[in-house]
Amino acid sequence: MGKLIDEQGKRTDGRGPYDLRPYKLEVGMLKNADGSAYIEMGKNKIVAAVYGPKEVHPRHLVLPDRMLVKCRYHMSPFSVEERKTPAPSRREIEISKVIREALEASILVDEFPRTALDVFVEVLESDGGSRGASITAASLALANAGIPMKDMVAACAVGKVDGQLVLDLNDVEDKEGEVDMPVAYMPNLDEITLLQMDGKLTVEEFKAALNLALKGCIQLYEAQKKALYDHYFNSPKE
Amino acid sequence: MSISRKNFVVERLRKEKLMELLAKGQRLDGRGLRDYRPLSISTQMVSKAEGSAQVYLGNTAVIAGVKTSLDRPYRDTPDRGNLIVNAEFLPLASPYIELGPPNENAIELARVVDRGIRESGMVDMSKLVVKAGETVYSIFVDINVLNIDGNLLDASSYAAVAALVTAKLPEYVLSDGGTPARTGNTIQLPITTIPVSITAAKIGEYALYDPTEEEEAVMDTRLTMAFTEDGICALQKGGSGGWSPAEVMKLVEESFEKAKEIREQIRRGLGLGGQGETDQGTGS
Amino acid sequence: MRGKKYAVPGDLIAEGKSLAPGANAYKLGNGVYSMAVGIVEIAGNRAGVVPLEGKYVPRQDDIVVGIVIDYNAIAWTVDINSIFYGSIFVRDLVRRGSREKLAISNVLNVGDVVAAKILSFSVNRDPLLSLRGPGLGRITEGEIIRISPRSVPRLLDRRERLYKLIEDATGCKLIIGMNGLIVVSGTPDGVLLAAKALKLVESEPRYDALVKAVRNALNVGEGKVGEADR
């Protein structure tokens, strides 16, 4: 295993420790879905789509006082180096759950009792930090669908490589680094809606890592807003 | 597909009483906000399993079993043993469980307990190799939830940890012919540290440790933290709401201290010596 | 904050202790924040957002255009391009006593297009529709153009009455459903032109720019509404 940070402090992809990867956000490109968005984050390429609010099927799942949110995070078989079987893995099942919970915190579910909302996320290419990028895109898709939300949710991951805290892990850093900590955040309400971590951090390191993650989330939050403004209000047709 | 869960209904009057008590720093069962329920651990009750432990945390009951075998190592870790953690909510654990393969809650539980054990380095997997690249020990930890009354994450973690610490497995070495052979000895797993899981539920502005099923039904969100003696090795926020960064940092700080307390309880429960006497090596 | 015209979810749209949140907005501390992508609307002490996206939410007395997709002995099920399907009770159209002699599908069949009124809708029941009233009932000619339900108010806005502008310039008749379904009937060329104008209504959120664009598309000058109006 080679070093992940060189003597100049540059990471395997040339970034400094606190730099996000280059990203691209697009809104509304799928016409059938009620809302959709696309994100590129490093080599991650992820599509998010939202259908709803709509009727609940099967009927017995209906919640009388709120919207039922369903979420599916799925990796395409060709999204990784070695073909992944299309059947949902335990990892995808867990990630579907934490993504749903991260987004549900922003949606006013009580406004649509007895309805369902389907959120689909498909990872077309995976490059570390895909669950964070998925949340960032899914939140845009929700806005595109007109689902009332308290705030946008933006997410990214921090880690530790060669003893140094870094922002926005790429694939190599995710696999070979010492810590992986994805965080999703709603800046207006100052609420963390996704927080996971594995690795080893002292309590003080954890606080520094969390602050670093929030900085990354806020950057992506601004990018989300810009993407919405560009799509809806700054039309080049004028 | 992950689907919002329908919680069992907590009656309004009880919910109001709960909130009233919280404002006074109390809970429905008389505990303080930072108190854990009585914890009891018994081990080695399943003779056919290499390790087993039953944990009662209040009324929550979990049993974990450890089975070992010889296997090929995983491709990306040819010089380490394999650790596999599974969990099931048995249908007998609650009237609301539906029969079927493990759902997202059971899968999340298994993966979070796994992380706490794996990332802490609790079991020195490098000492579980018989022939590098070919034959290693596989350690299977299977968690069965027997009765659900909240905080399954901590209870399952304590059971898994206890089962691993007290497991006794047959020793294998490479024979002259190059094949694995039993020596006839039993060994214990090489344990380096005891990871401790602490779970807090958020209800309104209050954070409570070790929530009951009722408290989980009304909570906004939850945070499970796994601690080693030096720091944190795993985190999992669960449920739909959110924590503020300030709340999280304060909680992690406090829980690191709480974990020391629980660790002592677990060590005493397992008959382990004072601090520092965790290294059991592969001899016995 | 002054003069902020547009908002996306989480944007601060107004600040002030006495401010109250209007539609699609909420108050946090002294600030009113947007819950949707849309146009900021401040009236008196209420700050809200007119959303640009979102499904049609049925309101009592709204006229909607729907498509019959199913029926049984009690009611027809109508797709009204909303969160829930609507229902028309059979007894709404068929007199008591005559039911046995008449096949339900002879009155309204799957695939029929109707203009209906929302009788009621609440959290506990799906929208109930009625075909009794002037201009309501089965629609026998025309083409359905779909626009986002959020754009319909722009079409009906009394300032320029864009719907009338389109009718007069194209010679078509428009049946406008609040749910975004519009039945356009007229000559093939007229319908094509009307469809083009309607799509503009959907895509341009700024009213003044929209009016200009529609007039342009219909080749109608400023101030003139069309000969037929005289």
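This is a predicted model: local features need pLDDT of at least 70, side-chain atom pairs count only at pLDDT 80 or more; totals for chains, interfaces and linings use all residues.

Me: ok, which chains share the most contacts?
Reply: Of the 2 pairs of chains in contact, chains A and B share the most, where two residues are in contact if their C-beta atoms, placed from the backbone, lie within 7 Å.

Me: how many residues does each of them put in?
Reply: Chain B contributes 32 residues and chain A contributes 35.

Me: and which element of chain B gives the most to that side?
Reply: That is E13(B), with 7 residues; strand E13 covers 232–238. Helices (H or I, at least four residues) and strands (E, at least two) are DSSP runs, numbered from the N terminus.

Me: what does E13(B) pair with in chain A?
Reply: E13(B) pairs with strand E9 (residues 191–201) of chain A in the antiparallel sense over 4 bridges, and two strands count as paired if DSSP finds at least two bridges between them. Within this pairing, A:Gln196 has B:Gln236 as its bridge partner.

Me: what holds strands together in general?
Reply: Strands of a sheet pair through backbone hydrogen bonds, either parallel or antiparallel.

Me: switching to chain C, how many residues are in contact between chain A and chain C?
Reply: There are 21 residues of chain A in contact with 20 residues of chain C. On the chain A side, the largest share, 4 residues, comes from H4(A), a helix that spans 203–232.

Me: how far apart are chain B and chain C at their nearest C-alpha atoms?
Reply: Those atoms are 15 Å apart, and the two chains do not touch.

Me: what about the sheet in chain C, in what order do its strands run?
Reply: The 3 strands form an open sheet in the order E2-E5-E4, with antiparallel pairing. Strand E2 (12–15) and strand E4 (25–28) of chain C are at the edges with a single partner strand each, so one side of each has no neighbour in the sheet.

Me: which residue of E5(C) is opposite C:Ala25?
Reply: C:Ser34 is the residue opposite C:Ala25, and E4(C) pairs with strand E5 (residues 31–34) over 4 bridges.

Technical notes
Residues are numbered from 1 along each chain as its sequence is written. Chains are lettered from A and ligands numbered from 1 in the order in which they are written.
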